[in-house]
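Subject: Structure for your review

Dear colleague,

My notes on it follow directly after.

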Amino acid sequence: MSDDTTAPRFRSDVTVDLVRSAAADSDVIWAARVSTAGEQSLEALQQDPEKSTGLINFLMRDRHGTPFEHNSMTFFISAPIFVFREFHRHRSGWSYNEESGRYRELEPVFYVPGEERRLVQQGRPGRYEFVEGTPEQHKTVTSSMEAAYREAYGRYQEMLEAGVAREVARAVLPVGLFSSMYATCNARSLMHFLSLRTKRENSAVPSFPQREIEMVAERMEEQWAALMPLTHAAFEKHGRVAP
Ligand SMILES: Cc1cc2nc3c(=O)[nH]c(=O)nc-3n(C[C@H](O)[C@H](O)[C@H](O)COP(=O)(O)OP(=O)(O)OC[C@H]3O[C@@H](n4cnc5c(N)ncnc54)[C@H](O)[C@@H]3O)c2cc1C
């Protein structure tokens with residue numbers, strides 16, 4: 001029987017936890033009004049919520065972006081490495097720290113698409129549509145991925161047992177391996193990320209992201225929307241374009 005700690009485990013989901021935040025609609029109002037109302041701006045928000053909604057909508061519509069930067073959200077994310085490769089392309093307004101494959105032995109957790117994941121790509125580059133796979137295709141994906149992951153992780157273990165450094169042995173591990181990271185952003189940088197990494201009918205500029213990064217984006221959006229409902233509603237209303 002295989003050792004539990006080295007037996008590959010397979011996941012079809014991603015995890016996104018908001019671990020720290022200082023983010024509220026009032027931060028946007030405060031920043032926007034400080035030039036005219038000074039320190040009175042927070043009081044004004046509480047006194048006149050309707051006016052605050054109007055101001056946030058105006059800022060979003062006219063793309064006055066900087067008031068949306070005075071807040072912070074830190075997410076702990078577990079997702080496959082291929083998702084992080086896409087994620088780390090987002091440079092502005094983001095800070096990242098990811099687990100190290102040099103300093104610790106990587107856990108054998110691997111991504112296998114779930115039954116709801118559409119498998120077949122149709123259309124032209126940039127505007128692909130995905131349609132359901134057949135049960136046979138799902139079976140092939142699951143069995144091929146699991147076999148490849150088992151082989152790769154076995155070879156990784158073999159090298160570690162032979163005294164090879166983790167940073168050398170990890171070269172055999174595939175991009176379906178799960179990693180974890182802290183990602184910190186503000187509402188403006190998050191909106192830019194969401195505009196590119198979600199596919200929505202109401203987007204003024206449609207995007208066609210890979211489903212797995214979209215799964216991460218959707219969980220981030222839910223948690224952000226709970227913190228900043230007026231800002232989120234304005235983002236939706238104005239075509240999901242970052243200001
Ligand atoms: C559907 C999709 C498909 C993709 N396909 C590919 C692909 O095939 N190959 C590939 O390599 N990448 C691909 N990407 C990644 C894409 O090119 C961007 O790297 C990624 O979306 C991050 O966008 P960004 O640069 O706008 O974000 P950020 O890096 O967060 O930048 C935010 C904004 O800041 C400004 N900015 C940041 N840095 C600079 C700079 N150096 N100069 C000027 N302005 C700057 C820009 O206005 C930018 O929009 C794809 C992305 C998506 C969403």
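The notes below concern the annotated positions and the strands around them.

This is a predicted model, in which local features need pLDDT of at least 70 and side-chain atom pairs count only at pLDDT 80 or more, while totals for chains, interfaces and linings use all residues. Residues are numbered from 1 along each chain as its sequence is written.

An unreviewed UniProt entry lists Arg197 under "active site"; such annotations may be inferred rather than shown by experiment. Arg197 lies in helix H7 (residues 187-197); helices are DSSP runs (H or I) of at least four residues, and strands (E) of at least two, numbered from the N terminus. Arg197 counts as buried because 22 other C-beta atoms lie within 10 Å (buried is 20 or more, exposed 12 or fewer, partly exposed in between, with C-beta atoms placed from the backbone).

The "binding site" annotation, also from the unreviewed UniProt entry, includes His90 and Glu98. The annotated positions spread over 127 residues of sequence and, in space, up to 27.6 Å between C-alpha atoms. His90 sits in the loop between helix H4 (81-87) and S4, and is partly exposed, with 17 other C-beta atoms within 10 Å. Glu98 belongs to strand S4 and is likewise partly exposed, with 15 such atoms within 10 Å.

Strand S4 (residues 94-98) runs antiparallel to S8, joined by five bridges; strands pair if DSSP finds at least two bridges between them. Strand S3 (residues 72-80) also pairs with S8 (residues 178-185) in the antiparallel sense, over eight bridges.

Yours sincerely
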